[in-house]
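Please prepare a briefing on the structure shown below, with attention to its confidence, its core, its strand pairing and its salt bridges.

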Amino acid sequence: MPMRTAGLWSEALLTEKAGHPTTATAEEISQSQATAAPRRMTDSYTELVLPFTSSPQLLEQYLNASGGIRTGKLMEHLDSLAGSIAYKHILGPSVQRLGRIDQIGFYIVTASVDRMDMLSPLDPKRDLRLSGQVIYTGHSSMEVAVKMESTGMGKPDQTVMIGRFCMVCRDAKAQGAREVNPLVLSTPDERALYALGEQMRQRRKTSALKSLSRVPPSSEEAAELHAFMLKHGHGKLEVSDQARDHVWMGDTILEKCMLMFPQERNVHQKIFGGYLMREAHELGFTNASLFTRGHVRFLSLDGISFARPVPIGSILRLRSEILYTTSSAEYPTIVHVGVKANVVDVKTGQEQTTNDFRFTWCQEVGKASPDLRRVVPKTYSEAMLWLEGKRALEVGAEIRGLRTK
């Protein structure tokens with residue numbers, strides 16, 4: 001069940017001009033909110049294999065300039081996979097086609113992507129298997145866990161990336177939340193996965209309450225920020241001889257504007273979220289490479305929030321910025337990048353944020369640039385972004401530490 005629509009754009013335009021009823025009757029709302037049949041976790045399991053070893057033509061579409069795999073294209077597939085898994089959970093494992101949204105009576109959107117962690121480098125000489133399933137359900141939300149594995153060549157399968165998506169089901173007629181099918185747990189492994197999904201949901205709520213856009217930083221964070229500014233700020237960046245390894249955060253901004261064409265639409269006749277992920281990732285990679293003055297390796301997607309859909313035909317401004325820099329024993333250079341997607345109103349020039357992406361790249365021992373350049377905030381809002389980047393890297397280090405134990 002691909003998340004890309006198979007219909008023609010000309011037909012979608014005619015349907016849009018004909019109009020759709022925007023209100024539902026009481027009977028239709030009652031039917032749409034009827035109790036959904038329980039599902040097993042295995043009912044939504046889905047996998048996709050990219051046979052790189054047997055198809056050089058396919059591999060050619062994914063190769064980057066250095067001979068590696070374009071991670072942004074794989075993110076695009078993972079977003080599509082998560083959406084297909086969510087629809088499969090509600091429609092049932094035997095359904096082969098999605099059908100029109102106005103006919104099935106509901107639609108599913110990506111509310112957020114909690115994380116994607118690259119656990120080991122991608123090997124273009126091996127096939128890639130992308131798989132996932134629903135591991136937790138709320139009233140109208142689903143937690144979808146996905147993973148990517150290197151397979152074949154006579155070697156054991158190796159997990160190279162894991163990710164978590166939060167999907168939300170909406171009623172197409174009543175324009176409100178729609179109940180999703182609850183999960184039936186039958187094995188200890190399924191109960192453990194369900195507990196993990198519930199933990200992720202609670203962590204997301206806790207993180208929202210502790211967001212620096214709502215509450216001030218902790219005393220420890222304030223003290224660390226103060227010490228950092230005493231050491232690296234206070235006018236030192238104004239002197240060129242002392243500023244070679246320091247960069248104001250505002251000076252790291254890299255942008256691009258794009259027209260949103262119908263070829264990149266999803267089944268909801270909006271711009272496909274996976275396409276936006278790919279574009280944001282590649283802009284962030286470009287910025288990280290320019291900042292470090294060398295090659296960087298993708299380490300993690302630290303979060304994506306979806307505020308509103310991106311309309312077809314709109315102008316999208318992608319704005320990337322280096323938010324935090326550090327180093328570790330494993331990675332001499334670690335760069336955290338934020339990418340914000342805004343839809344621009346051509347008539348007024350006003351912008352509305354549709355997506356907020358956070359990525360982390362690194363340089364490995366022996367491949368790092370000679371000197372680590374540090375990004376320094378100048379304003380209070382930039383200081384809060386700096387602390388958010390620090391938090392994200394601490395979570396990523398904790399996850400990678402758990403994976404190696």
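A nonpolar core is here a set of buried Ala, Val, Leu, Ile, Met, Phe, Trp, Tyr and Cys residues joined through side-chain atoms within 4.5 Å, where buried means under 20% relative accessible area, exposed over 50%, and partly exposed in between, with a 1.4 Å probe and protein chains only. The model is a predicted one, in which local features need pLDDT of at least 70 and side-chain atom pairs count only at pLDDT 80 or more, while totals for chains, interfaces and linings use all residues. Residues are numbered from 1 along each chain as its sequence is written, and side-chain values use heavy atoms, with hydrogens and water left out.

**Confidence**

- The average pLDDT (the predictor's confidence in each residue, from 0 to 100) is 86 for the protein, and 87% of the residues score at least 70.
- Over residues 20-34 pLDDT stays under 50, and the model has 14 contacts (heavy atoms within 4.5 Å) beyond four places in sequence for this stretch.
- Where pLDDT is low, the predicted coordinates should not be read in detail.

**Nonpolar core**

- The largest nonpolar core has 91 residues, and those touching the most other members are Ile108, Met116, Leu128, Phe165, Leu301, Phe357 and Phe359.
- Helix α4 (residues 71-91) gives the most to this core, with nine residues; helices (H or I, at least four residues) and strands (E, at least two) are DSSP runs, numbered from the N terminus.
- Apart from its neighbours within four places in sequence, leucine 128 is in contact with residues including Leu48, Phe52, Leu74, Met148 and Val160.

**Pairing around strand β6**

- Strand β6 (residues 158-171) has 10 of its 14 residues buried, so it is largely enclosed by the rest of the structure.
- Strand β3 (residues 106-118) runs antiparallel to β6 and is joined to it by 11 bridges, two strands being paired if DSSP finds at least two bridges between them; isoleucine 108 stands opposite cysteine 169 in β6.
- Strand β5 (residues 141-151) is also antiparallel to β6, with 10 bridges between them, and serine 150 stands opposite glutamine 158 in β6.
- β5 and β6 form a hairpin with six residues between them, and glycine 152 in the turn has a positive phi of about 85 degrees.

**Salt bridges**

- Taking a salt bridge as a side-chain nitrogen of Lys or Arg within 4 Å of a carboxyl oxygen of Asp or Glu, the count comes to 23.
- Glutamate 76 forms a salt bridge with arginine 278, with the closest N and O atoms 2.5 Å apart; because glutamate 76 lies in helix α4 and arginine 278 in helix α8 (residues 273-292), the pair ties together parts that are 202 residues apart in sequence.
- Glutamate 76 is buried at a relative accessible area of 8%, and arginine 278 also counts as buried, at 13%.
- Arginine 317 forms a salt bridge with glutamate 255, with the closest N and O atoms 3.3 Å apart; since arginine 317 lies in strand β11 (residues 315-326) and glutamate 255 in strand β9 (residues 254-259), the pair ties together parts that are 62 residues apart in sequence.
- Arginine 317 is partly exposed, with a relative accessible area of 23%, as is glutamate 255, with 40%.
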